[in-house]
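Hello,

Here is the structure I promised to pass on. Please open it first, then read my notes below.

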Amino acid sequence: GQPGPFAIRFPDPPLTFASFQAEVLSAAPAYVGTLHRDLQALDVVSEQPPAGPLRLNGRIMNTGDEEAVQTTIDITAYDPLGRVVAVRRLPPDHSVVARRGEVTFHAEVVPAGPLASYAIQVQGRRLLPTPAALR
């Protein structure tokens, strides 16, 4: 129920291309496959000096019963009108988060305009059991 970053690629935009609008007409449930759904950012501390990047520090907690691998943090920064002024994806200090474990993260984001707020989404993958383990 929260906004998230996305991108639209225009392979051959018109020369006079200035802007676009997109509207979701319908949606289908996504196949989550190996997506790890039990990761969250906690205790996030932000700092933004007047002439510098937004600095974020915090913890990633795995509340699930399975190890998370290939963990990444997606940070989206918004201006006072709710427009995206920066998007950054990076790994936490360790990209593997043990079950019921946590890791720290440190990030810097350089917004392309005035910053009013930001959102953090955490993603990771579950390891699938090997065929031998299923026997």
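**Notes on the structure**

Start with Asn62. Leaving aside neighbours within four places in sequence, Asn62 is in contact with His36, Asp38, Leu39, Glu67, Ala68, Val97, Ala98, Arg99, Arg100 and Gly101. Contact means heavy atoms within 4.5 Å.

Before going on, some ground rules. This is a predicted model, where local features need pLDDT of at least 70 and side-chain atom pairs count only at pLDDT 80 or more, while totals for chains, interfaces and linings use all residues. Residues are numbered from 1 along each chain as its sequence is written, and side-chain values use heavy atoms, with hydrogens and water left out.

**More on Asn62**

Asn62 lies in strand S2. Strands (E, at least two residues) and helices (H or I, at least four) are DSSP runs, numbered from the N terminus. Is Asn62 buried or exposed? Asn62 has a relative accessible area of 0%, so it is buried. Here buried means under 20% relative accessible area, exposed means over 50%, and partly exposed is in between (1.4 Å probe, protein chains only). The side chain of Asn62 also reaches the backbone oxygen of Ala98, at 3.2 Å.

**The whole protein**

The protein has one helix and six strands. From the N terminus on, the order is β-β-β-β-β-β-α. Of the 135 residues, 27% are buried. Now take the contacts with a separation of 6 or more: residues 24 or more positions apart account for 66% of them. The accessible surface comes to about 9,700 Å², and 54% of that belongs to carbon and sulfur atoms. These areas come from the Shrake-Rupley method with a 1.4 Å probe; for residues, only the protein chains shown count as cover.

**How the strands pair**

Two strands pair if DSSP finds at least two bridges between them.

- Strand S1 (residues 39-47) pairs with S2 in the antiparallel sense, over seven bridges. A hairpin through six residues joins S1 to S2. The bridge partner of Leu39 in S2 is Asn62.
- S2 and S5 run antiparallel and are joined by eight bridges. Leu54 stands opposite Val109 in S5.
- Strand S3 (residues 68-78) and S4 run antiparallel, with six bridges between them. Tyr78 has Val84 as its bridge partner in S4.

There is also an open sheet of three strands, in the order S4-S3-S6, with antiparallel pairing. From one strand to the next, the twist averages 15 degrees. For such angles, axes are lines fitted to C-alpha atoms (for helices, over the stretch in contact), and values run from 0 to 180 degrees between N-to-C directions.

**The nonpolar core**

In soluble globular proteins, nonpolar side chains tend to be buried together. A nonpolar core is a set of buried Ala, Val, Leu, Ile, Met, Phe, Trp, Tyr and Cys residues joined through side-chain atoms within 4.5 Å. The largest one here has 17 residues. Those with the most contacts inside it are Leu39, Leu56, Ile60, Ile73, Ile75, Phe105 and Val109. The elements that give two or more residues to this core are strand S2 (54-62), S3, S4 and strand S5 (102-109).

Look at Leu56 in particular. Not counting residues up to four places away in sequence, Leu56 touches Val44, Val45, Ser46, Ile75, Phe105, His106, Ala107, Tyr118 and Ile120.

Asn57 is in strand S2. Its relative accessible area is 33%, so Asn57 is partly exposed. A polar contact of 2.5 Å joins the side chains of Asn57 and His106. A polar contact is a pair of N or O atoms within 3.5 Å; within protein, one must be able to donate a hydrogen and the other to accept it, and residues adjacent in sequence count only if both atoms are side-chain atoms.

Gln40 is in strand S1. Gln40 is partly exposed, at 35% relative accessible area. Gln40 and Thr63 are 23 residues apart in sequence and 8.0 Å apart in space, C-alpha to C-alpha.

His36 sits in the segment before S1. At 4% relative accessibility, His36 counts as buried. A polar atom of the His36 side chain lies 2.8 Å from the backbone oxygen of Glu66.

Best wishes
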